[in-house]
Amino acid sequence: MSPAQPFSRRSALRTGVAAGAGLAATAHGVTSTAAAPSESGPDTAAAPAARGKTMMGVPFDRHPVVRVGIIGVGNRGASMLPLFLALPSVRVTAICDVNAEYVAKASAAVTKAGQPKPAEFTGGDHAFEQLLRRDDIDFVYVATPWEWHTPMALAAMRAGKHVGVECPIGIDVADLWALVDTSERTRKHCLQLENCCYGQNELRVLRMAHDGLFGELLHGSGAYLHDLRELLFSDTYYQGQWRRAWHTKRNGDLYPTHGLGPVAAYLDINRGDRLAKVTSMSTPALGLADYRAKHVPAGDPKWRERYVDGDVTMSLLQTERGRVIHLVHGVSNPHPYSRLNHLAGTNGVFEDYPPRIYLEPKDSNDEWGDFAAYANYDHWLWKDVGPGPGGHGGMDYLMLYRLAQTMNLGLVPDMDVYDAATWNAPFALSAESVRRGGAPVAFPDFTRGRWRTPHPGTDSPKPS
């Protein structure tokens, strides 16, 4: 191996090198007291002292049947419920939502699937606290408006439950440190449920990268380019129209993990490299105001809103080893859906949307090669399990399948709290860089110096 690539993570994992579970840490640190939504501005909080031993490489206790409590069964939660119910080793034991009609509908879906009627909780913003008091829940799934993600995840861990959260898991750096500290102290896993890490193309490229087909890795790109204007202005899609409100509060990358998660996996972020700094710039905020002018009648309360989030935010993230990630967010303009999903190294390059590849010495004459020719590199999840009932082409189902499998067998999860904190930090850091005119902002090391430690990730071996 060259100095730029000191170890093969796939080789390390398959020979049993999964250090980190027993690394000592200091016993005192800062803890969050968040009990209500946080909408404070971005910050770059310094690392607090550790609350306990690292959660890196720590396996789940075995759960032959995973008992799940779901908080939030609106659009996203309702779409994920059938996938939970499709897993034979999962039981949905409790459901919570502020909307009683949603709870009743979800509860009926559980019984229709042949499972016992789940406990039901509704009636206010803090009804979830009653769900967390139950002793028949092993894992809490959170699919609520963003500002509730961190408080609910913290409360779940403090109640003795593992927790998985929809994107983004935290909106400020202090929130992310609180999640790390609490996971270490309670010994409960806190996961960013990033479905895009389980896409077929993403996992194929990951395995190709780890087998050295791209040579020394140099740079990659990820994005969330998705025209959400119609949904953002819907009176019913986002309950209380909470998501559009974020465009009046913060100017930065409001949804970084779909693009960053897969590229971070390619580059072994937190498993041999780390993100060191970010610089971001945003365009003017014109798209939502333009859409409002064309579609919203005069006198509607939406006309009192002032949109501040740039239509497109572009960020460059540099790693400790000098590699670069290009990250893009744009939801306010016409654009076909794209996550960019690009990786380049000294031997060639992959680009998605549509997928194409150029690898030396096989490809030549500046002509793209056939990505389908590398189907033998598909992850075992896609080969042996497949898309199942679906969910974004199957990535949702495979994410939950793998989560349940790691809990059933007592394995290390593919993604940990350090990944969750790292992938979400650009939410706050990009806004801070934009505020400073594009100045570089240092990236916190949520691993507290353990980012060189090999440990399992999404390039996981099939359990024997």
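Predicted model: local features only at pLDDT ≥ 70, side-chain atom pairs only at ≥ 80, totals over all residues.
I started with the lining of the largest pocket, whose residues divide into 28 nonpolar, 15 polar and seven charged.

**The pocket, continued.** I looked up the volume of the largest pocket and got about 1200 Å³. Its lining counts 50 residues, and the closest to the pocket centre are Gly74, Asn75, Arg76, Gly77 and Ala143. Which helix gives the most to this lining? I found that α2 does, with seven residues. I also jotted down the helices that each supply at least two lining residues: α2 (75-85), α3 (100-112), α5 (149-158) and α9 (242-245).

**Cavities.** How many cavities of 30 Å³ or more does the structure hold? I noted seven.

The largest cavity has about 100 Å³ of space in it. I listed 12 lining residues for the largest cavity, with Ala265, Arg271, Asp419, Trp423 and Thr458 nearest its centre. Helices α10 (257-266) and α14 each put at least two residues into that lining. Sorted by class, the lining of the largest cavity has five nonpolar, two polar and five charged residues.

The second largest cavity comes to about 80 Å³. Around it I wrote down Leu191, Leu193, Tyr198, Met399, Arg402, Leu403, Thr406, Pro413, Asp414 and Met415. Helix α13 (residues 395-409) provides the largest share of this lining, four residues.

The axes of α6 (residues 173-186) and α14 (residues 417-424) come within 9 Å and cross at roughly 180°. An angle over 145 degrees counts as roughly antiparallel, so α6 and α14 are roughly antiparallel to each other. Which residues meet in this contact? From α6 I have Leu176, Leu179, Val180, Ser183 and Glu184, and from α14 Val417, Tyr418, Ala421 and Asn424. The residues of this α6 and α14 contact divide into six nonpolar, two polar and one charged.

**The sheet.** I traced an open sheet of eight strands with mixed pairing, in the order β13-β12-β11-β7-β10-β9-β8-β14. Its edge strands are β13 (356-359) and β14 (441-442), each pairing on one side only. Inside the order, I looked at β7 (residues 217-225) with β11 (residues 342-345). In what sense do β7 and β11 pair? They are antiparallel, over four bridges, and Ser221 stands opposite His342 in β11. I also saw helix α15 (residues 426-435) lying across β8 (275-282), β9 (312-319), β10 (324-330) and β14, at about 60° to β8.

Last, I checked the loops on either side of β13. In the loop between β12 (348-351) and β13 sits Pro354, and a cis peptide bond joins Tyr353 to this Pro354, with omega about -5°. Tyr353 lies in the loop between β12 and β13 too. I wrote down its phi as well: Tyr353 is near 60°, a positive value in a residue other than glycine.

Where is Pro361? I placed Pro361 in the loop between β13 and α12 (380-385). A cis peptide bond joins Glu360 and Pro361, and omega there is about 5°.

Conventions:
Residues numbered from 1 in each chain as written. Heavy atoms only, no water. Axes fitted to C-alpha atoms, helices over the stretch in contact; angles between N-to-C directions. Parallel < 35°, antiparallel > 145°, perpendicular 65-115°, else oblique. Contact = heavy atoms within 4.5 Å. Nonpolar A, V, L, I, M, F, W, Y, C, P; charged D, E, K, R; others polar. Pairing = 2+ DSSP bridges. 1 Å grid on protein atoms, 1.4 Å probe; cavity = no way out; pocket = protein on both sides within 12 Å on 5 of 7 lines; lining within 4 Å. Points joined across faces, edges and corners; volume = space filled by probe spheres on them.
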